[in-house]
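Let us walk through this model by following its contacts. We begin with a pair of helices and then turn to charged side chains.

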Amino acid sequence: MPTVVLMDASLSMTRPVALEGSEEFQRKNLAIHGLTMLFEHMATNYRLEFTALLAFSSLWELMVPFTRDYNTLQEALSNLEDYDKTCLEAALQGVSNIVQQEWGSACPCQVVLVTDGSLGIGRGSLRHSLSTMKHRGDDKKFPLPFPFPAKLYIMCIANAEELQSSDTLENLEQLLTLNAGGGQIFTMEGPLCLKSVQSMFGKLIDQAYTPFHAVLRCGNLSSDVQVFPRPEPVVIDEEVEPIPRTILTDLEIVGFIEIGDISSPPVLSRHLVLPIAVNKEVDEMGAGGAEDTEEESSANQMAGKSPNFCVLLHGSLKVEGMVALVQLGPNWYGMLYSQADSKKKSNLMMSLFEPSPEPLPWLGKMAQLGPTSDAKENPYGEDDTKSPFPLQPKNKRSYAQNVTVWIKPSGLQTDVQKILRNARKLPEKTQTFYKELNRLRKAALAFGFWELLKGVAELLERECTLLPDSAHPDAAFQLSHAAKQLKLASTGDSQYAAFDHNITPMVTDFSGGDRDRM
């Protein structure tokens, strides 16, 4: 999950902060100190994640594009210059542009906005942007919500009392509401000092950048792993009292299946799985991740000489073209698979399915899957030319009857015109006329579209009055009969509006008593 750090470089960030026993600090210095703490933590625990640094005032500038080199990020912070007034809307648009250009609109992202809470003045200020947001055209929309999944963390180099004295906190909370992707506003507690800013960024790290450690097991084999990004709790809406579900720290592999059988399943999220002890040798074998620095490589030489189940698993899945089904919790499963990051490097990935005993219908219930050795005969055939999947449902569904669906007005107009065309060719088209009439009647009853039945009845009555003198007498009787039945059905009376009831042709002296009824 890449991170974009949005650093406020406006003049208000240069306001002085008095620190006892030291030289005068600016709010910008406190912000840089907090971000340095964040970058050091990520360099140690999140070195596979990409981070970009963007500075803004009235304009925005990409200081460092997405990188894993945290030294470059810290150097850019130390060389940050001071600019003019704050214009947050333009900066948010800049975040949207660089993320979409690098990652597209499907990759989730974390945005860390560091500011002193000053919203700007006049046109271009956050107050002005929010007040005019509803009166804009499509070409000048407010950049929130982001066009990609994103969490917005706002780090205020100010305490809550300072922000509450104005409408600043209310406007910042409105940003979180507009984004609708989660996030939080962090403020400094107590006086503005290094200790307070460390405490604030420490809370951000605990919430958004804490590594997820787990043990991956398969029979008697196991490996300590880290999962990136940290899996989020999942809430099932169908439950009466939904409780957020979190994945277990013991990940148990319950079986293996061919990639073709798993197909492209719907997943909640995707995560990178990496052995905790990784060196350059392991990377080259395909465990995934960035290449180590010389210091990291030499420090991990001893660890790299030990067998690692995670590396074995990744290589096996890659060579055999299979995925591993892993149990994440009670009635909750996922899959482990090899995903190529480039021609020379691939990663061990984990995708989380929906919490359910049957997350993939074509595989059936996960608990009922078993090894092929338990089957009387190989379900894949002797030469692996067939597959037992997808499982066929016990109840065979019939798709012979087309379902009437009116998505656009043109579809409904076509069905009504079809009835009128047959009405003008009565009595030759009597059977087709009533077939189309009953099809429309059933659809209208299913949708509760009573007005349609009444409207078509009026159209048939009108057609009856427009019949030429040369028309067959049976046509007028059939049109009047059909219109009357539709009007009765439009009342909703159960006697006439039964869904399974069909309108049958009226028996007349002209049509004869032996006419086949529908």
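In this predicted model, α15 and α16 pack at an angle of about 160 degrees. Their axes lie 8 Å apart. Angles over 145 degrees count as roughly antiparallel, so α15 is roughly antiparallel to α16. The crossing of the two helices is left-handed.

Which residues make this contact? From α15 come W450, L453, K454, V456, A457, L460, E461, E463 and C464. They meet A476, L479, S480, A482, A483, L486, K487, A489 and S490 in α16. By class, the residues of this contact divide into 12 nonpolar, 2 polar and 4 charged.

Two of the residues named in the contact also form a salt bridge. The side chains of K487 and E461 meet at 2.9 Å, N to O. K487 sits in helix α16 (residues 473-490) and E461 in helix α15 (residues 450-465). The pair links distant parts of the chain, 26 residues apart.

D415 and R439 join their side chains in a salt bridge of 3.1 Å, N to O. D415 belongs to helix α13 (residues 409-423), R439 to helix α14 (residues 430-447), so the bridge ties together parts 24 residues apart in sequence. Here the partners fall into separate classes. D415 is buried, with a relative accessible area of 12%. R439 is partly exposed, with a relative accessible area of 27%.

The side chains of R15 and D116 meet in a salt bridge, 2.7 Å from N to O. R15 lies in the loop between β1 (3-8) and β2 (16-17). D116 lies in the loop between β6 (109-115) and α4 (126-131). The two residues are 101 apart in sequence, so their bridge ties together those separate parts of the chain. What about accessibility? D116 is buried, with a relative accessible area of 1%. R15 counts as partly exposed, at 30% relative accessibility.

Salt bridges that share partners join R15, R27, D116 and E162 into one network. How many salt bridges does the structure hold? The count is 11. Those described here include K487 with E461, D415 with R439, and R15 with D116.

How values were computed: Residues are numbered from 1 along each chain as its sequence is written. This is a predicted model: local features need pLDDT of at least 70, side-chain atom pairs count only at pLDDT 80 or more; totals for chains, interfaces and linings use all residues. Side-chain values use heavy atoms; hydrogens and water are left out. A salt bridge is a side-chain nitrogen of Lys or Arg within 4 Å of a carboxyl oxygen of Asp or Glu. Helices (H or I, at least four residues) and strands (E, at least two) are DSSP runs, numbered from the N terminus. Buried means under 20% relative accessible area, exposed over 50%, partly exposed in between (1.4 Å probe, protein chains only). Axes are lines fitted to C-alpha atoms, for helices over the stretch in contact, and angles run from 0 to 180 degrees between N-to-C directions. Angles under 35 degrees count as roughly parallel, over 145 as roughly antiparallel, 65 to 115 as roughly perpendicular and the rest as oblique. A crossing is left-handed if the near helix is turned anticlockwise from the far one by less than a right angle, and right-handed if clockwise. Contact means heavy atoms within 4.5 Å. Ala, Val, Leu, Ile, Met, Phe, Trp, Tyr, Cys and Pro count as nonpolar, Asp, Glu, Lys and Arg as charged, and the others, Gly among them, as polar.
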